[in-house]
Amino acid sequence: MLKRARSLLSLSITMSLVTPAPLFANTLNLPDIGTAAGATLSIDQELIYGDAYMRMLRSSQPIINDPLLNQYIDTLGHRLVANANDVKTPFRFFMIRDRNINAFAFFGGYVALHSGLFLHARTESELASVIAHEIAHVTQRHLARSMEEQARRSPATLAALAGALLLAIAAPEAGIAAITATTAGSMQSQINYTRSNEKEADRFGINTLAKAGYDAQAMPRFFSRLADEYRYASTPPPMLLTHPLPEDRITDSRARAQSYPPLREMPSLDYHLARARIVARYAGIDSDAAMDWFARTQKKADPALKAAFEYGRALIHLDKKELTEAQEILLKLSAADPNNVFYLDALADLYIEQKQAPKAATMLKSALERIPNNPVLTINYANALLEAEKTAEAVRLLQRYTHDNPEDTNGWHLLSRANISQGNSGEDLAARAEILALQANWNKAIQYYTQASQLATLGSLEQARYDARIDQLMVQRDRFLALQ
């Protein structure tokens with residue numbers, strides 16, 4: 001990790017610069033606090049940096065590769081993106097397993113959420129307010145504008161700023177500590193500049209929130225609660241280090257939110273199911289503490305959300321191999337809501353634990369007929385097919401899945417496992433190579449594909465495919481190394 005951090009701090013911009021793009025019309029009548037940053041980074045360059053940093057995060061951070069949670073935050077995130085202004089990049093949303101409250105965005109439309117956010121956001125609108133704020137940081141190109149401001153003052157530090165800025169977003173203390181004395185003052189100035197963007201991100205974020213049908217009041221409400229909770233804390237959570245909450249910022253966001261019509265928010269079952277899943281599996285607490293959390297929280301919750309708490313308890317029973325208790329709860333939940341993907345996912349796991357993989361596969365196949373192409377059901381179905389020893393069918397399904405979802409390591413892991421079962425060493429190596437490439441382990445990925453090519457029949461289409469992928473990975477590796 002230390003080696004990777006040093007590499008990130010040494011990032012340099014080797015690509016040609018472009019002419020600044022004209023600013024889009026400011027439909028919100030916000031103050032102009034910077035240029036569009038085109039003089040520093042183009043959108044294409046931002047995408048390259050974003051891809052590089054995401055690969056490094058996968059290899060160094062506890063990314064939550066949970067298909068259900070990924071689908072939930074992706075659906076929520078893209079509902080917001082569809083209502084945001086000045087969207088110039090694709091967006092990708094992911095979660096990091098960390099109880100600290102934090103969220104951050106970086107080049108290329110990547111938005112990270114710490115799992116701890118779910119423990120503090122009481123409604124879907126409150127979670128959406130944080131995501132909308134981070135989306136605004138991206139659409140308003142605050143990172144690039146920060147770099148432009150610093151480059152104007154000290155062009156020689158541009159390379160260090162590119163890497164240090166990315167590192168500081170995810171780990172502010174590490175980012176600042178890793179900078180040399182010659183750039184320390186420059187970095188501190190840059191962080192101050194980033195903080196000056198917070199009100200702009202709030203204003204754009206509240207507008208996005210309201211347009212997407214969420215409660216605009218959720219943002220000042222959530223921020224006020226955080227500020228009150230950590231007002232006298234000696235060590236505030238990371239989110240308050242990168243997103244400080246002075247009183248004037250809260251006041252401004254409250255006034256802004258009040259300009260939108262009030263909204264009576266109905267409780268979101270999906271949000272509370274996702275929250276229950278995080279408490280049960282990703283909160284870093286034991287099963288007794290999780291059960292206690294469900295009991296305490298349910299007392300203050302809307303009775304309509306009872307199913308979410310029951311689902312959380314079922315997951316704890318399932319993880320503790322208390323299958324009878326888990327089955328009793330899950331069958332009741334599924335009977336009341338047969339197309340609920342959260343329940344179908346848990347029932348599939350239950351049946352597999354009960355050595356009834358064919359039953360899980362039959363259930364999931366039927367569910368996919370009702371909800372076609374659902375990625376959660378598809379990956380569960382592939383797993384059930386493998387457990388039922390229908391390996392050839394699983395391979396065909398996973399080949400399509402990994403083609404459609406090339407950044408989901410779950411698909412590649414299952415495909416590797418399926419090919420091991422079939423004794424197909426070449427395809428196993430290829431699947432594992434794709435996982436390594438997603439983690440920027442280029443040389444190992446190329447090595448695995450080279451081994452796969454050597455195992456293939458000389459001159460076969462299979463060998464040609466492996467060799468073509470080797471060429472692609474070498475290009476990607478060289479582009480990645482050019483950033484150092």
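The model is predicted. The unreviewed UniProt entry lists Glu-134 and Asp-202 under "active site", and both have been placed here in their helices. The largest nonpolar core has 103 residues, and the largest pocket holds about 690 Å³ of space.

**Annotated active site**

- Under "active site", the unreviewed UniProt entry gives two positions, Glu-134 and Asp-202. These positions are spread over 69 residues of sequence but cluster in space, with a largest C-alpha distance of 8.9 Å.
- Glu-134 sits in helix α5, which runs over residues 124–139. Its relative accessibility is 1%, so Glu-134 counts as buried.
- Asp-202 belongs to helix α10, residues 198–211. With a relative accessible area of 1%, Asp-202 is buried, because the cut-off for that class is under 20%.
- Beyond its neighbours within four places in sequence, Asp-202 is in contact with His-133, Met-219, Phe-223, Arg-249 and Ser-253.

- In soluble globular proteins, nonpolar side chains tend to be buried together.
- In the largest nonpolar core, of 103 residues, those with the most contacts inside it are Leu-80, Leu-113, Phe-118, Leu-127 and Tyr-311. Helix α18 (residues 341–353) gives the most to this core, contributing 10 residues.
- Leu-127, leaving aside neighbours within four places in sequence, is in contact with Tyr-72, Leu-76, Leu-113, Leu-117, Phe-118, Ala-121 and Tyr-271.
- A second, separate core has 37 residues, including Phe-106, Trp-442, Tyr-449 and Ala-456.

**Residues with positive phi**

- Most residues other than glycine have a negative phi.
- Asn-373 is not a glycine, yet its phi is positive, near 65°. Asn-373 lies in the loop between α19 (357–370) and α20 (375–387), and at 71% relative accessibility it counts as exposed.
- Ala-440 also has a positive phi, of about 65°, without being a glycine. Ala-440 is located in the loop between α23 (425–438) and α24 (442–455), and at 9% relative accessibility it counts as buried.

**Cavities**

- The count comes to six cavities of 30 Å³ or more. The largest cavity has a volume of about 80 Å³.
- Residues lining the largest cavity are Glu-46, Ala-105, Phe-106, Phe-107, Gly-108, Gly-109, His-137, Val-138, Arg-141, His-142 and Leu-143. Elements that give two or more residues to this lining are β2 (103–106), α5 and α6 (142–153).

**Largest pocket**

- The largest pocket, with about 690 Å³ of space, is lined by 28 residues. Among these, Asn-70, Phe-93, Phe-94, Glu-407 and Asp-408 lie nearest the pocket centre.
- Two or more lining residues come from each of α2 (43–60), α3 (67–81), β1 (92–96), α20, α21 (391–404) and α22 (409–422).
- The largest share of the pocket lining, six residues, is given by α3.

Conventions: Residues numbered from 1 in each chain as written. Predicted model: local features only at pLDDT ≥ 70, side-chain atom pairs only at ≥ 80, totals over all residues. Heavy atoms only, no water. UniProt positions renumbered as here; feature names shortened; annotations may be inferred. Helix = DSSP H or I, 4+ residues; strand = E, 2+ residues; numbered from the N terminus. Buried < 20%, exposed > 50% of the residue type's maximum accessible area, 1.4 Å probe, protein only. Contact = heavy atoms within 4.5 Å. Core = buried A, V, L, I, M, F, W, Y, C linked by side-chain atoms within 4.5 Å. 1 Å grid on protein atoms, 1.4 Å probe; cavity = no way out; pocket = protein on both sides within 12 Å on 5 of 7 lines; lining within 4 Å. Points joined across faces, edges and corners; volume = space filled by probe spheres on them.
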